[in-house]
Amino acid sequence: MASKAELQDVLKTKFGINKNISQLFSKEECEELLNLLHREPSAAKLVDSYADKNNNLGRNNATYARARNQAERKFEALQVEHRQLENSIQSIEAAKATLESKKRFLEEEQRKLEADIQNLSSKNQALSSTVQSLTNQNAELTEANTQLKKENKDLKNIVDQIRLRLARDTKLLLQYEDSEIRKALIRLFRWTLG
């Protein structure tokens, strides 16, 4: 007497009935089904037709499952890419805000430096007049004249230090990609060079 598993094997090999379908039957029902299929060719033909259809559906299901899995993987990849793009946009916006803040700061610094340069130029002109006036005075003012020349030299050194710092800061700022900042700084740098 054959076991249920053996009967299922016969149903699978001779008639193409999958075990997941024959599992629903009892041992006795498997025996009755085998007897029926052996006796009735039309029943065997019907089962064969269902088995073929079941195989086709199984292949279709596998194809659709693969397509669905591919679509899900692509969707997940697109979601990751979307999140990365959003993060990039946020980073760019933050960098833009930082650059705008730096630009405002640099513009204010530029105004201060221009005022300092103007102030120092005025002081320099005043000192030059004083030096000329002292040169025309008597020998008793020679020491005061020497002192004024020294102060004039110190002021020139300060202006040179300001220009040097401005040149260094301008070089650093020119590394930024904002073309308007670059153009403005180049104009300012050329202006300070005279």
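Let's start with the second largest pocket, which is lined by Ile117, Leu120, Ser121, Asn124, Leu155, Lys156, Val159, Asp160, Arg163, Trp191 and Thr192. A pocket here, on a 1 Å grid over the protein atoms alone, is an open set of points where a 1.4 Å probe fits, with protein on both sides within 12 Å along at least five of seven lines, and lining residues have an atom within 4 Å of a point.

Quick housekeeping: this is a predicted model, so local features need pLDDT of at least 70 and side-chain atom pairs pLDDT 80 or more, while totals for chains, interfaces and linings use all residues. Residues are numbered from 1 along each chain as its sequence is written, and side-chain values use heavy atoms, with hydrogens and water left out.

Back to that pocket. Its volume is about 170 Å³, meaning the space filled by probe spheres set on grid points joined across faces, edges and corners. H4, H5 and H6 each put in at least two lining residues, and H5 has the largest share, with five. Helices are DSSP runs of H or I, at least four residues, numbered from the N terminus.

Now the largest pocket, at about 210 Å³. Of its 13 lining residues, Leu106, Glu109, Leu113, Leu166 and Asp169 are closest to the centre. Helix H4 (41-135), H5 and helix H6 (179-193) each give two or more residues to that lining, and H5 again has the largest share, here six.

So what does H5 look like? Asn145, Leu148, Leu155, Ile162, Leu166, Thr170 and Leu173 are its buried residues. Buried means under 20% relative accessible area and exposed over 50%, with partly exposed in between, using a 1.4 Å probe and protein chains only.

And H6? Which of its residues are buried? Ile181, Leu185, Leu188 and Thr192. They sit on the same side of H6, because they cover an arc of only 60 degrees around the axis, taken from the directions from the helix axis to the C-beta atoms. Turned away from that buried side are the exposed residues Arg187, Arg190 and Leu193.
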